[in-house]
Amino acid sequence: MHRRIEDLAGLVARVLTTRRATIALAEPLEQEDWVAQSMPDASPVKWHLAHTTWFFERFVLGALGFEPVDPRNDYLFNSYYESVGKRVERAKRGLLTRPTAREVLAYRRTIDERLAALEGSPRLAEVGAALELGLHHEEQHQELLLTDVKHLLSENPLAPAYRRGHSPAPRPAPQLAWRDFAGGVAEIGHRGSAFSFDNERPRHKVYLAPFRIATRLVTAGEYRAFVASGGYRKPELWLSEGWAWIQAGAHAAPLYWRDGMHFTLDGERAIDDAEPVTHVTYYEADAFARWAGARLPTEAEWEHAAADATPGGFVEDGHLHPRVAAEGFTQMLGDAWEWTASAYAPYPGFAPLEGAFGEYNGKFMVSQMVLRGGSCATPRGHARTTYRNFFPPSAAWQFSGIRLAKDGA
């Protein structure tokens, strides 16, 4: 886990810049928005701000012998680290009206000051890997903060906007086309010395049969045709578990679609048929693909194909909603996470990190599906073609979309 001190130049500054970006994402909100929790899978803004701070305090500063600001934070702001101990039940994070928002911000400032003091310290090498992991962990929570806020605001009958004035001018989507790949032996997984999560390693060989993959994401208009054709009423299109999900929840459209409108971080607006469809579950993505005479790509197919793709939009672009595709082979990084047909499982030879960080990814390798690519809420530097996101097949509050694939000749 240790990195050489010469590799750590500027890392503390990058961490602090990233943490300032998290605060900037929370600034458009009222402080009443910081506390509420709209569902068990989402966390309050205040909890995100505190948890990411606790991560640095516990795993970076704690490893160097710093005393905690408040030992109770191990219970309040631990997410899922069994090695740390008991914690507040995830579904009850919204009940944490105390510490106050003011106290959480003071907590962040204190920890940031302690982190800043590490710059140039000879002990930085001892915690360099943990500090770098914390940076990428903070970026993950930036995206979660936005998607959790979107779900929260969508539950308000006033349909308040996170911010206003960013709706793009309409334009048509390019015709859906296909990119052919010959197949054969390929390599996937992270390589090189740059940062990656443990679940992206080791790099290994896979065999790919010939396949085709769509040049852009499925659009809202294409998905509306699926809905209009009775797609949600045809059990033959659905996996058994997906059909049970429909029956249990009376689902008939993607999350946030309401009578020709959909809820966005800019508020409610008319569905633009040219934009990518988002906030679909794996069940919906799989059923649409079957209806369209196609399938979802495997994650190996996706990664092999993504090397030639043009990126889409990220959080720094400020749109906070997927944009209409450009011409060419595009959107495989950015705009929307793409469901794959692959279950989240370890790569051959996978070895989790030692200690508490071994809980970061490996223990979730069950009952989840892999998504690839990043979204309009993902920091640009956080996305890469080897990144493996994962969610249960019923999850839809992330910016999850659909890219089609087919078997090749």
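Residues are numbered from 1 along each chain as its sequence is written, and side-chain values use heavy atoms, without hydrogens or water. Because the model is predicted, local features need pLDDT of at least 70 and side-chain atom pairs count only at pLDDT 80 or more, while totals for chains, interfaces and linings use all residues.

Helices (H or I, at least four residues) and strands (E, at least two) are DSSP runs, numbered from the N terminus. Helix H1 (residues 11–26) packs with helix H2 (residues 45–61) at an angle of about 170 degrees, and their axes are 10 Å apart. These axes are lines fitted to C-alpha atoms, for helices over the stretch in contact, and angles run from 0 to 180 degrees between N-to-C directions. The angle makes H1 roughly antiparallel to H2; angles over 145 degrees count as roughly antiparallel, under 35 as roughly parallel, 65 to 115 as roughly perpendicular and the rest as oblique. On the H1 side the contact (heavy atoms within 4.5 Å) is made by Val15, Arg19, Thr22, Ile23 and Ala26. H2 contributes Val45, Leu49, Thr52, Thr53 and Phe56.

Phe56 also belongs to an aromatic cluster, in which ring pairs link Trp54, Phe55, Phe56, Phe59, Tyr80, Tyr81, Tyr344, Phe357, Phe364 and Phe390. Rings of Phe, Tyr and Trp (its six-membered ring) pair if their centres lie within 6.5 Å; planes under 30 degrees apart count as stacked, over 60 as edge-to-face and the rest as tilted. The structure holds 32 aromatic pairs. In one of them, Phe226 and Trp291, the ring centres are 5.5 Å apart and the planes stand at 65 degrees, so the pair is edge-to-face. Phe226 lies in helix H6 (residues 220–228) and Trp291 in helix H8, so this pair ties together parts that are 65 residues apart in sequence. Phe226 is buried, at 0% relative accessible area, whereas Trp291 is partly exposed at 31%. Buried means under 20% relative accessible area, exposed over 50%, and partly exposed in between (1.4 Å probe, protein chains only).

Rings also meet charges. The charged end of Arg93 sits over the ring of Trp47, 3.6 Å from its centre, and that of Arg388 sits over the ring of Tyr347, 4.1 Å from its centre. Here NZ of Lys or CZ of Arg must be within 6 Å of the ring centre and within 35 degrees of the ring normal.

An open sheet of 3 strands has the order E5-E6-E7 with antiparallel pairing. Strand E5 (257–258) and E7 stand at the edges with a single partner strand each, so one side of each is left without a neighbour in the sheet. Two strands pair if DSSP finds at least two bridges between them; strand E6 (residues 261–264) is joined to E7 by 4 bridges. Phe263 has Glu268 in E7 as its bridge partner.

The loop between strand E7 (267–270) and helix H8 (282–291) contains His279. Phi of His279 is near 60 degrees, a positive value in a residue other than glycine, and His279 is buried at 2% relative accessible area. Ser367, in the loop between strand E8 (337–343) and strand E9 (369–372), also has a positive phi of about 60 degrees. Ser367 is exposed, at 62% relative accessibility.

The bond from Arg98 to Pro99 has omega near 0 degrees, and Pro99 is found between helix H3 (73–76) and helix H4 (101–116). The bond from Arg201 to Pro202 has omega near -5 degrees, with Pro202 in the loop between strand E2 (184–188) and strand E3 (204–208).
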